[in-house]
Structure formats: structure tokens, C-alpha cells
Amino acid sequence: TTAARPTFNPARGGTGKGEGDLSALSKQYSSRDLPGHTKLKYRQTGQDTAGELRGRDFRRDLEEKERVAVREREKGRDRGTRQDSLAPAKRPRLDQAPPTNVIDADDPVDNDDDSDDSDDSDDDTAELMAELQKIKRERAAEAARKEEQKRQEEERIRAENILSGNPLLNLQPGSFKVKRRWDDDVVFKNCAKDDDKDKDRGFINDTLRSEFHKKFMNKYVK
């Protein structure tokens, strides 16, 4: 393999092996260096040439396109209205039920039967409407009751938080007792550098500032 060969001399160009004379350089070149696109392309027939555009009536084309668009829009509107007319009618709601005592002009007039039927239907409709109103009132009362319970619970929680957050309102025996410090159980204590001579710290968990080290340094080093 030639991967380990030095590339300095070939990279210089003209001074490598066989390239001492600049006139004897390689005449090789890439195909991409050849001249290309030496001719202009012109529009062919059917590609909107100058002659074709000169004889075209653009206003007439625009009006024709507008007529086609309007015709398509009207056709879509007619299709939508036809689908709406063919769609099945929705089932009327209970509180919007049509009156059942409508008399058709082609039906024979029967005053007694019609009056009885209309009275019965009116009674049924009135009972259904009363039942519906009763259900609505019950649901509204239930929603109001749940809202009131939720508000009372939130008020109770807020009052408890206020009472528990103030230490002066929930005093207990021995509450003023001094608590343990946070650094009672730490390993390194009494390691401050100030007031070392005034206070007798006793044991210090630091080999360089312990009493033994100080005595050793005073005795053998100083």
C-alpha cells in the first residue's frame, strides 16, 4: 500500500520526479474543465413563444376561466343543498316536541275523538315537562351543594394552614426549648481559624491544627 508514502514532493508540483521541467508537466485535465453549455436554448413551438403570445387574447382567456370558476362554485352549492335536503331529519328533543294536536285539512272532523286525544296528549306533555323541570332543579341543587361543600373544605384547609403556620397561635409546653444545632453530628467541628489562642477547643479533627501537632512543631522545628 502507498498510504504511508510522503506526499510533500508530489504536492509541490513541477519539482517532483519527472517534473523538473515546467514545460514537461502533465497535460491531463478533468472532463469537468471542458467548455460546456456553449449554445443558448430557445423556446420551441408550444412553449409560449413570442409569436404565440403576440396573437393570444389574454382578456378572453381570463373571462373564460372566471366563468368556469363561477359555474363550479354554483354546482358545489347546489350539491350541498341537495345533500342537506336528503339528510334524515333529527329526532326532536323532549322539550321541543311538536304539538300533537295539529289538525290536517284532509282528515275528517271528529270533535269528540280529537278533543279527547288532544286532552290526553296535552296532559302527557305537561307531565313530561314537569318531570323535566324537576330533574333540572334537582341537578342544579346538587351542583350548588357540591360547590358549597368544596368551598367550605377549601376554607377549612386555609384556616388550618394559617393556624399551623404561626408559632405564636399553637404554643405547646416546652415549645421554647432550644433545639439541637444542625451541626451537632458533623465530623469536622471547631475548625475555625479565629480565636484559637483564647479558647480551649480540646480535640480538633484536623492533623495540622491539633494540639499534638502544635507541640511537635514548637519542640522540634522552631
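Mentor: Before we start: a helix here is a DSSP run of H or I, at least four residues long, numbered from the N terminus. And keep in mind that this is a predicted model.

Trainee: Got it. Where do E155 and R158 lie?

Mentor: Both sit in helix 4, three residues apart, which is about one turn of the helix.

Trainee: What makes E155 and R158 a salt bridge?

Mentor: The cut-off is 4 Å between a side-chain nitrogen of Lys or Arg and a carboxyl oxygen of Asp or Glu. Their side chains meet at 2.7 Å, N to O, so the pair passes the 4 Å rule.

Trainee: Why is E155 called partly exposed?

Mentor: Buried is under 20%, exposed is over 50%, and partly exposed is in between. E155 has 39% relative accessibility, so it counts as partly exposed. R158, at 45%, gets that label too.

Trainee: How do you know that E153 and R156 form a salt bridge?

Mentor: Their closest N and O atoms are 2.2 Å apart, and the rule asks for within 4 Å, so they qualify. Both lie in helix 4 (residues 111-165), three residues apart. The pair also belongs to a network of salt bridges with E160.

Trainee: And what about D48, buried or exposed, or in between?

Mentor: D48 has a relative accessible area of 34%, so it is partly exposed. Its salt bridge partner is R56, with the closest N and O atoms 3.1 Å apart.

Trainee: How many salt bridges does the rule give?

Mentor: Eight.

Definitions and conventions: Residues numbered from 1 in each chain as written. Predicted model: local features only at pLDDT ≥ 70, side-chain atom pairs only at ≥ 80, totals over all residues. Heavy atoms only, no water. Buried < 20%, exposed > 50% of the residue type's maximum accessible area, 1.4 Å probe, protein only. Helix = DSSP H or I, 4+ residues; strand = E, 2+ residues; numbered from the N terminus.
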